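Biologist: Before we look at the model together, I would like to learn how each feature should be read, starting with strand pairing.

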Amino acid sequence: MPYRRKTVRHLFIREKHPAPLPRRESEKVDRKTIIKTDKLSKSFSVSGKQYHIIKNLDLEIYEGDFTVIMGSSGAGKSTLLYALSGMDKPSLGHIEYAGKEITEMNDDQLAVFRRKHCGFVFQQVHLVDSMSIMDNAISTGMLIGQKQKDLKKKAAALFERVGISEEMTDKFPAQVSGGEAQRAAMVRAVINDPDVVFADEPTGALNSAGVEAVLNVLTDINNEGQSIVMVTHDIKSARRANRILYLEDGGIKGECNPGKYVSGDKKRHEMIRGFLEEMGW
Amino acid sequence: MQTLKMALKSIGSNKLRAFLTMLGIIIGVMALVILVSLVNGATGSVTDTISSLGKNMITVSISDNKGAPVQISDLSEWMQDPSLGGVAAYTKESFTGKKDGNAETVDVYGVTSYYEQIQGMSMLLGRFLRSTDIDNHTYVCVINEKLATELIGYTDCLGQEITLGGIRYTVVGVVEDNDTSLTKSYNNDSLSAYIPYTSLVRMSDSATLEITSFYVDAAEDKTTKDAEERITQILLDRFEDDEDAFTVKSQDTLENTMNDVSSALTILLGGIAAISLIVGGIGIMNIMLVTVTERTREIGIRKAIGANRHVILQQFLLEAVVLCMMGCGIGIGLSWAVLQVIGIVVSSLSITFTLNGTVVLIAVGFCFLIGIVFGLYPANKAAKMKPIDALHYGG
């Protein structure tokens, strides 16, 4: 399928002169938008100098997608993820979440928004050390006032699915492996049935066995309809996505839609590799 | 409940540090509870003693009789006053008491008959002095148990004769020794004899029929204040409205003064203890600030997954309050133990040192307040953190 290359300059002026992104698509599917950004910008000031990380970004995230954001170091991948998830406020522009504007929310409203609609998995495990694996997993549910008993029951089922035994749930994060802790973090991320799970390089600190286990869980929950937005610089992780956005210099340089992940699908893998080579990966 | 569990877990994860943090509060609470309980115990004992001396008793001292000295006949006249229950004159001298070769120094009280009632004395044997004894200057005496035992050898000594200042007196009554707390050691050691006022005047060069000290009490249907006002008025009429010619003091005044002193002491000592509690609170704040810094990543995680400002504030505030209340509990327990030990050590004084419920409640309330006040700043600091900054704290 042909795709067009587009310069960075085109991206910045596409408001006035819209031009299609370089795109690879396996199939066209009508999808419902869950997150939409409008001229999203994020800048930081360091020692009086302004750094524009995200620049006038227009983007849509679709329900049920496994969206991966890739890009070189410093491209603004994590910054974009945190802005999309309401964890950080943009400097300019708007973010709509299921039709609801979240950029005007204050910190407390954003916290409530996150606990109800978002799940998070981070590069570092980021479990609370003083809480057991089980208590960590249900902590999000406790915040929205669910009964502990119900949450534990639900968590137990999720733990079983991600391959964590019942005995292990009583242990503390320091007593389990990185992969197990990350899978526990994924249980925490999905226990509230969030609209979107945001994952910031979730396999970055894991060994190969851990990476495979975590990616399998992410793929499984996506196959069941869970929307996922994941930042990664790892092509192996990116292959699990049905949509890959390539970020460069604060804007989206290109997009690839290889369709749902199928293990051993060489054609699909070639398509992703080609796209990433095209992006300069 | 979950927040409380987290607070307890956090405190339990570093027991030594938690204990050292609580030490300031423990010492402060102990200082507050022990000092105030000691003051209250001592005051209670003194107040009981004062009450036992006759709660309605008014003491009158005349310093300038303005040429119109008070006589025994005046007392008899005032006894008829509807506001006054009775009036008793007294004067005291020391004489050598002798009996069968025994000799003791005796406090001899020259009194009138109403002295028994007004002092609330209890007769062990016989009777007290009567009006006729006063009027006839009879040589009869009433002695206390101690004098009976020391001088005569036994208390069943009615009709026995003893000499006081060289004059023979017949014992007509034996009065029980007053063994109430603070006066116990003093009175038990004193050998006392009560003789008619008029008889003492005859024996002594210094005592005269011009009465300078007497006791008054209120009539049954009147208050001590009524009696105090009445006797003051009588004396003002007598001494040309000169308020400085005499003094009128009631036991209520004494008790009130004692209570005022006790309150002042309680406030003073309580204040000093409160300062140590505040210092303890600063220790709590210090450690909580360290805890917030140490647990920045945890705060970041909790905020990222949706804990708002209120949840984080509550978590750290509760931890500070739990630390304070644990310190308070330990402090109260140790105070109880220390008071028990003090009670045993000073048991001979018959002063009861018990844990004062009010001061315990005050200590609990004050510790709670300290937990809130000194926990608020660190908790607020934690609550205000941005999730991104907190997550990335320390790399």
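Biologist: Which strands are joined to β1 of chain B, and how many bridges join them?

Modeller: Two strands pair if DSSP finds at least two bridges between them, where strands (E, at least two residues) and helices (H or I, at least four) are DSSP runs numbered from the N terminus. In this predicted model, strand β1 (residues 58-62) of chain B runs antiparallel to β9 (residues 213-218) of chain B and is joined to it by 4 bridges, with B:V60 standing opposite B:F214. Strand β1(B) is also joined, by 5 bridges and again antiparallel, to β10 (residues 246-250) of chain B, where B:T247 is the bridge partner of B:S61.

Biologist: What conventions and confidence limits apply to the model?

Modeller: Residues are numbered from 1 along each chain as its sequence is written, while chains are lettered from A and ligands numbered from 1 in the order in which they are written. Because the model is predicted, local features need pLDDT of at least 70 and side-chain atom pairs count only at pLDDT 80 or more, whereas totals for chains, interfaces and linings use all residues. Here pLDDT is the predictor's confidence in each residue, from 0 to 100; chain B has a mean of 87, and 94% of its residues reach 70 or more. Over residues 180-187 of chain B, however, the pLDDT is below 50, although this stretch has 17 contacts in the model beyond near neighbours in sequence, a contact being two residues whose C-beta atoms, placed from the backbone, lie within 7 Å. For the complex, the predictor gives an ipTM of 0.83 and a pTM of 0.68.

Biologist: Why does B:T47 count as partly exposed?

Modeller: A residue is buried if 20 or more other C-beta atoms, placed from the backbone, lie within 10 Å of its own, exposed if 12 or fewer, and partly exposed in between. B:T47 counts as partly exposed because it has 15 C-beta neighbours inside 10 Å. The residue lies in helix α2 (residues 15-52) of chain B, and, leaving aside neighbours within four places in sequence, B:T47 is in contact with B:E255 and B:M258.

Biologist: How many residues of helix α11 of chain B are buried, and what do they pack against?

Modeller: Of the 9 residues of α11(B) (residues 296-304), 7 are buried, including B:E298, B:I299 and B:R302. The buried residues pack against α3 and β7 (118-121) of chain A, together with α12 (309-345), α13 (357-383) and α14 (387-391) of chain B. Just after α11(B), B:G306 takes a positive phi of about 120 degrees.

Biologist: Which elements of chain A supply the side that touches chain B?

Modeller: The contact takes 18 residues from chain A and 17 residues from chain B. On the chain A side, α3 (107-117) and α4 (133-143) each supply at least two residues, and α3(A) gives the most, with 6 residues. That side divides into 8 nonpolar, 4 polar and 6 charged residues, where Ala, Val, Leu, Ile, Met, Phe, Trp, Tyr, Cys and Pro count as nonpolar, Asp, Glu, Lys and Arg as charged, and the others, Gly among them, as polar.
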